[in-house]
Every structure is written in C-alpha cells, then in structure tokens.
Amino acid sequence: MSSASPIPQVRESSVAFVVTSGANVGTRLGRGLTRGGSRVAVLEDTPVGEASDGIGRYLISFASRAQVLHAFDAAVADLGSPQLVVLSALPADLFVPTDSASISPGDWASAVQGAAKITLYCLQAAYAHMVKSGGGTIVCVGPSFALVGAARLLGLSTVLEAQRALVKSAARQWGRHGIRTHWIALGVGENYPTLQTASLPNGPELGPPPPPLGRVPDFEQDVAGIATFLASSAGCGLTGTSLVADGGDWMVP
Amino acid sequence: MSASALSLAGRTALITGAGGGIGRGLALALASAGANVTVAVRRKATGDETAALIRAEGGKVLVVEADVAKQVDVQNAVAATVAQFSGLDIVVHNANAGDSAHPVALEEVTEESWHAQARVTWDGALWLAQAALEPLKRSSAGRFILLGSAFGLHGAGFNPVYAALKGGIKGFTKSLAREWGPFGITVNAIQPAAATEPAEVFFNQYPEVRAAFMRNFPMGRMGRHREDIGGAVLAICCD
C-alpha cells in the first residue's frame, strides 16, 4: 500500500541538546551523544562543570516558560538549532518514596505539577526552534518502572505516564512539521540512585534479576545511542514510540 | 454470574462529577445494583437531577456539593457519606474539567490552562484517595476506581493536555493499586471512549469529524455511560 504523504527525510543529528536536572545525567548523556558525532549543549538547573570535551553548558531555570526559552535561545545562539533534544529532568522530590496518605498539598503541587511544567516548557522550547529549522527529534527519558507502577511513588508514576501520553500527543500534532517525539523507559540500576531503596516491582520472570542482557542499560552508552538513532534518517519512520531500555526485564508491550 | 453476585446491596459508593454524563450513568448503574450512592457535584442542581432519577428507580442517594479541586470539599464529601450511610465501600473519581472538549495546540498551552485541568483530574484524585483511605480500609470490599480515557493510552492530537492528564491517571492507578493491595482495596482505572458531554461539544464544533471518528469503533458507537461503562464498574465492584 502506498502512502499519500511520504515520510520526510531528516538531517543526521549534528546539534543535540540535553536538558536535565541535577544527578550529573547531562554529562553522561553529553559524552555519549558527542561520541555519536553531535555537538552537544547541556542545559541544567544545577551547574555541574565547565564546558569540556565539546560539551557546552548552559544554566536553565524551569520556573517559567520564558526562562526555559531563554536557555534554549542561548544554546542555539552558540550551536545553532538542535536536531535532537533529550529531556531527563524531574524534581528530586518525586523520587522519594512516600505513602500516598502523607503527601502534602504543597509537595504534590511543587513536585507533580512542577514536573509537568518542566516537560511542557521544554517541549514548547524545542518546538519553537525545530519548527523554524525544518524539524527534529525530541526524546524524553524516565525510569522504566513507570510502565508497571510502583507503590509509594504515586507522583512519579503519575508524571511519567502523563509525560508518555504528552509525547504521543506531540507526535500527533507536530509530525507535519517534521518533529518526531519519543519516550525511553530506562531500567533503574545505577541510573536513578535514589530509587535503589524503593520497593520497585521486579520483572515478570520467576527468579531474581539480572535482566536477560546481564546489565541495566545506561545513559551514556545506551540512551545516547538510541536517541542518536531516533534522530537519524534511519529512525525517521518512527514517532510517538515508547522504547523500553531495561536490558529485557519486562519485554512489554 | 448469579443475581446475588451482581448485588451491591448494603454497600455505599461515592462518585465525583455525577451531575451528568458518565458520572450520572455510573451513579444510576451502582444504585440499580443496590448500592447507596453519594453524588458529589460542583453544582448542586445537577446533582439533584441525578438524585431524582435514582430515587425514581427506588435507590438511596445523597447529594453533596463539592469542588474536587478543593481538598476540604472532598474531605467533607467523604465524611458526609460515612455519616449518612455508616461507611464507604466504593469510590469513583470521574470529575473532569470542562476545557477538555476544546482543541488546543501544544505549543500554545499555558501554565494556567494546564493547572485548571490538573486540579480536577490529578489533585482531585489525590484528595479523594487520602480522604477515602481509612473508610475503605474498614470496608470488606474496598474499591477505588478512576476514569481515564482512551486518549490517555494513545495520545490526542486534539487536546494534548487532556491526554496527558488521563495518561497520568493510568500511572496514578498502578502506583496506588500496589500501595493499597495489602489493605484489601482494589484500585482500577477505566479508559473509556465514551459519548461524554465534552465529546459532544467537540463533535458539535467539528461535525465532519464525527462520522470519520465513529468508523474507528467496530460496534459503530462509543461506550454508553450506564450500560457499558457502568457495567465495567459493576464488574469491578461486585463479588
């Protein structure tokens, strides 16, 4: 069956932005994307280090849409419009296991609504530049347990599934502009240290971990590689996907 | 399944957003199965209409005025239910913000418009869970049910905010189900594609979309409030 609308060709990724919040994820993702051939800007709300190894660093505040746009604009002024934006930025409070009955209105508002705002503003900032430059790829990354839920992580479970639905909706709206959006479910392992003490569900297999691949994928090698693929012409037929990078723990859907 | 297995006689249900649409259908379905029903509504007049329909069928009903975005309103609704019916067994969070019917471009979504919908969908869910936990623990058959949407599963080009918030309900449900399972309380979500009032508003604005959209459904129609979605709720609630 032929398609009336051909899938648009994309430029190979040459400028990639990583948007992150603490935890030094930006450095790891930045190194991986640099090895994949991209010039990389890391936009982070906590300064971790100076520009090095081809990675530019930019301070970002998630307090308002204008401030997020300002940080994107600064990075674009130096590197040009991104062909790839990887977003891995969630408030730290979301990762602290808490009984649902103990969540205060203030904590719920700051962490859950705050996380939603971060995602919304970053998607909008990426769109603002990509729509002018002919398109691009946006990849959100979150812990894989979101697919099956975890007790005492109500806010994080809520936000991650919302983010996944938002990414699909963005894919539906922005595909005509050549903008493709994805969500990567990353195994916890050492990627999310604060979750290591949480009561997360094991995979469905009888018996203990490790996952079939014997290791939990990481930001630097695996997420960077998947994101580079998604942003490349080889990945241009995909949008709105949820890719599970957990070493084969869940194998869903 | 036997008739007794489908009976909710002696049980009490609280439903948010039950002044019309799906919520009203669920209230009627639960009441017809024998449950005492609290209709929690933002505008009392709509709750009174639902109550009249329930009473006409011989059901027992309490109408409580509550804005689910306000924690104290939700606490009061639960307390009033327990006081009136001596317990609470079933909670259904169905309330939804009216903005969900309007198409919106994601790049134009403001914090204010997001928050207005999130306060009802997400905040309301949390306030309800917190207020209902202790009564549901005391029940021998505690049920907490949330209304999501098919758009929360596959995204929505017409309203990304609505899709995201309903997607979030999916995560909320799975997390709470794991937390409350040890208490004997089940937590489930229903993701309907229903002929809701917001859907009708949308189709009235974009009539050309209706016919094309209906072709997605093998049965040629969307879920009916009382019969289809109410049926799913009864299946979750009955023994």
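This is a predicted model: local features need pLDDT of at least 70, side-chain atom pairs count only at pLDDT 80 or more; totals for chains, interfaces and linings use all residues.
- Seven strands of chain A form an open sheet with parallel pairing, arranged in the order 3-2-1-4-5-6-7.
- Strand 3 (55–59) and strand 7 (241–245) of chain A stand at the edges, and because each has a single partner strand, one side of each is left without a neighbour in the sheet.
- On average, neighbouring strands of this sheet are turned by 20 degrees against each other, direction ignored.
- Within the sheet, strand 1 (residues 15–20) and strand 4 (residues 84–88) of chain A pair in the parallel sense over five bridges, and Thr20(A) stands opposite Ser88(A) in strand 4 of chain A.

**Helices on the sheet of chain A**

- Helix 3 (residues 105–133) of chain A packs on the sheet, where it touches strand 1, strand 4, strand 5 (136–143) and strand 6 (179–186) of chain A, and its direction makes about 160 degrees with that of strand 5 of chain A.
- Helix 5 (residues 219–231) of chain A lies across strand 4, strand 5, strand 6 and strand 7 of chain A, and runs at about 150 degrees to strand 5 of chain A.
- The buried residues in helix 5 of chain A include Phe219(A), Asp222(A), Val223(A), Ile226(A), Ala227(A) and Leu230(A), and what covers the buried residues of this helix includes helix 1 (25–35) of chain A as well as strand 4, strand 5, strand 6 and strand 7 of chain A.

**An exposed proline in chain A**

- Pro204(A) is found in the loop between strand 6 and helix 5 of chain A, and it counts as exposed because it has 10 C-beta neighbours inside 10 Å.
- Pro204(A) and Gln83(A) are 121 residues apart in sequence, and their C-alpha atoms are 37 Å apart in space.

**The sheet of chain B**

- Six strands of chain B form an open sheet in the order 3-2-1-4-5-6, again with parallel pairing.
- The edge strands of this sheet are strand 3 (61–65) and strand 6 (186–190) of chain B, each of which pairs on one side only, and the twist averages 15 degrees from one strand to the next.
- Strand 2 (residues 36–41) of chain B pairs with strand 3 of chain B in the parallel sense over five bridges, and the bridge partner of Val37(B) in strand 3 of chain B is Val61(B).
- Helix 2 of chain B packs on the sheet by touching strand 2 and strand 3 of chain B, and its direction makes about 175 degrees with that of strand 3 of chain B.
- Helix 9 (residues 225–237) of chain B lies across strand 4 (90–93), strand 5 (143–147) and strand 6 of chain B, running at about 165 degrees to strand 6 of chain B.

**A helix pair in chain B**

- The axes of helix 1 (residues 21–32) and helix 2 (residues 44–56) of chain B come within 10 Å and cross at roughly 25 degrees, and these two helices are therefore roughly parallel to each other.
- The crossing of helix 1 and helix 2 of chain B is right-handed.
- Arg24(B), Ala27(B), Leu28(B) and Ala31(B) in helix 1 of chain B meet Thr50(B), Leu53(B) and Ile54(B) in helix 2 of chain B, a contact that has five nonpolar, one polar and one charged residues.

Conventions. Residues are numbered from 1 along each chain as its sequence is written. Chains are lettered from A and ligands numbered from 1 in the order in which they are written. Two strands pair if DSSP finds at least two bridges between them. Helices (H or I, at least four residues) and strands (E, at least two) are DSSP runs, numbered from the N terminus. Axes are lines fitted to C-alpha atoms, for helices over the stretch in contact, and angles run from 0 to 180 degrees between N-to-C directions. Two residues are in contact if their C-beta atoms, placed from the backbone, lie within 7 Å. Angles under 35 degrees count as roughly parallel, over 145 as roughly antiparallel, 65 to 115 as roughly perpendicular and the rest as oblique. A crossing is left-handed if the near helix is turned anticlockwise from the far one by less than a right angle, and right-handed if clockwise. Ala, Val, Leu, Ile, Met, Phe, Trp, Tyr, Cys and Pro count as nonpolar, Asp, Glu, Lys and Arg as charged, and the others, Gly among them, as polar. A residue is buried if 20 or more other C-beta atoms lie within 10 Å of its own, exposed if 12 or fewer, and partly exposed in between; C-beta atoms are placed from the backbone.
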